[in-house]
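Here's a quick tour of a protein and what it holds on to. Have a look at the sequence and the structure first.

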Amino acid sequence: MIGNFTYCNPTKLYFGKDALNGLNEELPKYGKNVLLVYGGGSVKKNGIYDKVLAALKANGKTVFEDGGVMPNPTSEKLKEGIARARAAKADLILAVGGGSVCDYAKAVSVSVNCDDDAWDKYFIRFDDVTCDIVPVGCVLTMVGTGSEMNGGSVITNREQKLKIGHVFGENVFPKFSILNPEYTFTLPKYQMISGIYDIMSHILEQYFSGTDDNTSDYIMEGLLRSLIHSANIAVQNPKDYEARSNIMWIATWALNTLVAKGKTTDWEVHMLGQAVGAHTDATHGMTLSAVSMPYYRYILPYGTAKFARYAVNVWDVAPSDKSEKQIAEEGLLAMENWMKKIGLVMNITDLGATADMLDGIVDSTRIMTGGYKTLDKNDIRAVLRASY
Ligand code: NZQ
Ligand code: ZN
């Protein structure tokens, strides 16, 4: 562990079949006006909305609603949410949904008491938060992003064709999150698998950086092994509670800042995926799976030792007398075969990317410097070409 860091995670989690009871402990801590934020309607169909509303009423809250948060929430919708939160004089924003709803709630929370345009301030200029924050709580219904225990908030500006994440500080993390694995049972399989790959990608973005002996890497190898094991079960039987609960817990630990400690971290796969998402509005996890193999094969020569370690410790490639490069390549092949087996999208064409979008996607891709190779725009173009 050669990096310097501080560590604090202020989010209180309630996990398991009875997790929603946690609302009765948390709600009394806040004032009476609650802005209830949710997505396109899944929570009404599966009954989660009714349960949350009942808990809010039982705790004497006045409820204001902000529904219709779309996957990949937009800067336009964010303006609407800020206006609703102001009108409600919200004391608490309760997000009920997946990463999109939770991210959006955080973006509203840091903007309610601020006069600037939220998109420009936080997603273009990356300003710090200087105004009072409205606290956020989360009832999670889709597993993958880790938004339930981090400060991430990703917003899409459709007009500018940009999808950008701002990682806010501890004060913006949800104050509490309710994690009931059964709430994820109604997810369409496509979303479940997309979330599984989002988790894998979060871990790999942090794992594929640095050459020091770092405890975080050992934790991540354990998380990855557990994820692959539980994903194989969940794909066969999505209602397997044990597998789904493990996946939910891994998702939280994959991106709640712990395993990033002491690491430079990469995040180029996410920059590529977000650029594809900005042009296609495709499902987040699938944009990552579609660009991953071309990216990892492109950077393998610059981080061969770590890719070989990954092959052996995560994919059980036998080292025997092979070269480090051969071992590394076998690991990526095992990963690719597994991705295909569980049904991930393996190219951006299948997500709606067309040849005439290539230049725009290249332009929309941010370049990161924490991984094994800092790409330039020509490299980005080559990776994207191989992703078609
Ligand atoms: O809108 P509704 O009707 O609720 O349907 C949603 C949505 O269509 C549906 N869904 C959610 N829970 C369900 C359900 N359907 C049935 N049963 C349930 N229990 O699933 C669809 C996808 O939901 P969404 O919230 O968009 O998915 P996800 O959790 O993957 O969030 C994606 C967003 O998070 C951002 C992504 O970029 C994207 O904008 N990310 C946030 C991160 C963070 N905060 O740290 C990091 C990630 O890398 C990611 O970038
Ligand atoms: Zn992600």
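What follows covers the two ligand sites, one after the other.

Keep in mind that this is a predicted model. Let's start with ligand 1. Its surroundings comprise 31 residues, and the closest are Gly40, Ser42, Gly99, Ser100 and Asp103. By class, the shell splits into eight nonpolar, 20 polar and three charged residues. Domain 1 (12-183) and domain 2 (189-386) both give residues to that shell, so ligand 1 lies between them. As for secondary structure, helix 5 (99-109), strand 6 (152-157), helix 7 (189-207) and helix 10 (268-280) each put at least two residues into the shell.

| Residue | Atom on the protein | Atom on ligand 1 | Distance |
|---|---|---|---|
| Gly40 | backbone N or O | oxygen | 2.7 Å |
| Asp103 | polar side-chain atom | nitrogen | 2.7 Å |
| Tyr183 | backbone N or O | nitrogen | 2.9 Å |

On its own, ligand 1 has 970 Å² of accessible area, and the protein covers 89% of that.

Now for the metal. Ligand 2 is a zinc ion, coordinated by Asp198 through OD and by His202, His270 and His284 through NE2, at 2.0 to 2.2 Å. Along the sequence, the zinc donors follow the spacing D-x3-H-x67-H-x13-H. His270 sits in helix 10 and His284 in helix 11 (residues 284-299), so this pair ties together parts that are 14 residues apart in sequence. Are these two histidines buried or exposed? Both His270 and His284 are buried.

Definitions and conventions: Residues numbered from 1 in each chain as written. Chains lettered and ligands numbered in written order. Predicted model: local features only at pLDDT ≥ 70, side-chain atom pairs only at ≥ 80, totals over all residues. Heavy atoms only, no water. Near = heavy atom within 4 Å. Polar contact = N/O pair within 3.5 Å; in protein donor to acceptor, adjacent residues only side chain to side chain. Areas by Shrake-Rupley, 256 points an atom, 1.4 Å probe, with all protein chains shown as cover. Helix = DSSP H or I, 4+ residues; strand = E, 2+ residues; numbered from the N terminus. Nonpolar A, V, L, I, M, F, W, Y, C, P; charged D, E, K, R; others polar. Domains from an automatic or database assignment. Donors = N, O, S within 2.8 Å, 3.2 Å for Na, K, Ca; no water. Buried < 20%, exposed > 50% of the residue type's maximum accessible area, 1.4 Å probe, protein only.
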